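The sequence and the structure come first.

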Amino acid sequence: MRRKLPSFVLVVLLALATAGVAAAANGGFTPVRPESPNASHTQTAYYVILGFTSAIFVLVEGLLVVFIWKYRSRGRGRAVEGAQVHGHTRLELIWTVIPVAILAVIAGFVFYELPKVDSAPAAANPIPITIEGHQYYWQFDYPNGARSIGTLHVPTGAVVKLEVRSFDVIHSWWIPALGGKIQAIPGRTNHFWFKAEKPGSYEGQCAELCGVFHAAMQASVVAESQHAYSNYISNTAKQTIGQQEWGGVCATCHGNLGKGGYGPDISASTLLTSRSSLLGVLRQGVDTTRAGAMPPVGNTWTNAQIDALVAYVKKHIYTSAPLGGTSGG
């Protein structure tokens, strides 16, 4: 008993540690709660397929157990063959026709739901937004010309039509509660839509391996009132774009204070005080032929964005090098 106690305690601790995860979204076996019509139709198709496959799994595994028990050796020698069972034409036809019928039902239902997932519902004033995937952040362009990094703001209940692009490698936009995945492919524009039916923040991330910091390429959608949305794209987005660029782009590699992480410590680098030098790094990258090098993260940024970042880093990140010290890029 004493020998078994540590193993028992370990099992209990593991069960407790994973209980919270198992309770979320039915243990991860089903999609998260849908908050957009297209996500609801996707979930419906998922449950229909899950129902068929679960029933087939139970039937097949149940018959396997029954056959193992029924045709066990019952003391027969290992070299002695059991009773031979010959074919049954009617049974063979039945278990051929039934799977074909099941597949036809599933296919018919999926093609019935697919247009509801793919096509946006009619709306008087759908909101067009362009999403750009970059290593390793998402950039959002609003109808009035405002931009944001990492977090997309939309009005609750409005149909949002997305144009999804990439300017470096393939990414995949995915907010599970607001629909399926859509790839961002260089040289191509893909289209997607959603309608956040309730206010709140919906989390997601890039679903296509896109480089060393793929896991850090997260995204969120904030659904809010029309007034809050209008205020954000008219004022807040423009006022905070420098902070968003640093926190959502630069800090990923260089740390929140520029003290270094995957990338070097740049907090005392005079690069941060020179607009022309910073512009060259943002637009061209650094040693881009080397694996893990800095990509041209700002190759689609406007001059206003560059100016906003320069102003932010001068005020909040740059610290002059100590006497006798050196500064580098």
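A charge sits over a ring if NZ of Lys or CZ of Arg is within 6 Å of the ring centre and within 35 degrees of the ring normal. In this predicted model, the charged end of Lys181 meets that description over the ring of Trp174, 4.6 Å from the ring centre.

The model is predicted: local features need pLDDT of at least 70 and side-chain atom pairs count only at pLDDT 80 or more, while totals for chains, interfaces and linings use all residues. Residues are numbered from 1 along each chain as its sequence is written, and side-chain values use heavy atoms, with hydrogens and water left out.

**Overall make-up**

The protein chain has 6 helices and 10 strands. Helices (H or I, at least four residues) and strands (E, at least two) are DSSP runs, numbered from the N terminus. Of its 329 residues, 33% count as buried; buried means under 20% relative accessible area, exposed over 50%, and partly exposed in between (1.4 Å probe, protein chains only). Contact means heavy atoms within 4.5 Å. Among contacts between residues at least 6 apart in sequence, 63% join residues at least 24 apart.

**The sheet of 5 strands**

Strands of a sheet pair through backbone hydrogen bonds, either parallel or antiparallel. Here two strands pair if DSSP finds at least two bridges between them. An open sheet with mixed pairing consists of 5 strands in the order E3-E2-E1-E5-E8. Its edges are strand E3 (147–149) and strand E8 (190–194); each has a single partner strand, so one side of each is left without a neighbour in the sheet. On average, neighbouring strands of this sheet are turned by 25° against each other, direction ignored. Axes are lines fitted to C-alpha atoms, for helices over the stretch in contact, and angles run from 0 to 180 degrees between N-to-C directions.

Strand E2 (residues 137–141) runs antiparallel to E3, and 3 bridges join them. Asp141 has Arg147 in E3 as its bridge partner. Helix H4 (residues 226–254) packs on the sheet and touches strand E1 (127–134), E2 and E3, its direction making about 40° with that of E3.

**The sheet of 3 strands**

The order E4-E10-E9 describes an open sheet of 3 strands with mixed pairing. Strand E4 (151–155) and strand E9 (200–205) are the edge strands, each pairing on one side only. Neighbouring strands are turned by 20° against each other on average, direction ignored.

E4 pairs with strand E10 (residues 218–224) in the parallel sense over 5 bridges, whereas E9 and E10 run antiparallel and are joined by 6 bridges. Val222 in E10 has His153 opposite, and Ser201 also stands opposite Val222. Val154 stands opposite Ala223 in E10. Of the 7 residues of E10, 6 are buried, so the strand is largely enclosed by the rest of the structure. Helix H4 lies across E4 and E10, running at about 135° to E4.

**Aromatic pairs**

Rings of Phe, Tyr and Trp (its six-membered ring) pair if their centres lie within 6.5 Å; planes under 30 degrees apart count as stacked, over 60 as edge-to-face and the rest as tilted.

| Pair | Centre to centre | Angle between planes | Class |
|---|---|---|---|
| Phe109 and Tyr112 | 6.5 Å | 40° | tilted |
| Tyr137 and Trp301 | 6.3 Å | 65° | edge-to-face |

Phe109 and Tyr112 both lie in helix H3 (residues 89–118), 3 residues apart, about one turn of the helix. Phe109 is partly exposed at 24% relative accessibility, and Tyr112 is exposed at 52%. Tyr137 is buried at 2% relative accessibility, as is Trp301 at 3%. Ring pairs also link Tyr136, Phe213 and Tyr262 into a cluster.

**Cysteines**

How many disulfides does the structure hold? There are 0 disulfides, a disulfide being a pair of cysteine sulfur atoms within 2.5 Å. The closest cysteine sulfur to that of Cys206 is in Cys210, 4.0 Å away and too far for a bond. Cys250 is in no disulfide either, as the nearest cysteine sulfur, that of Cys253, is 9.1 Å away. Cys206 is buried, with a relative accessible area of 1%, and Cys250 counts as buried at 13%.
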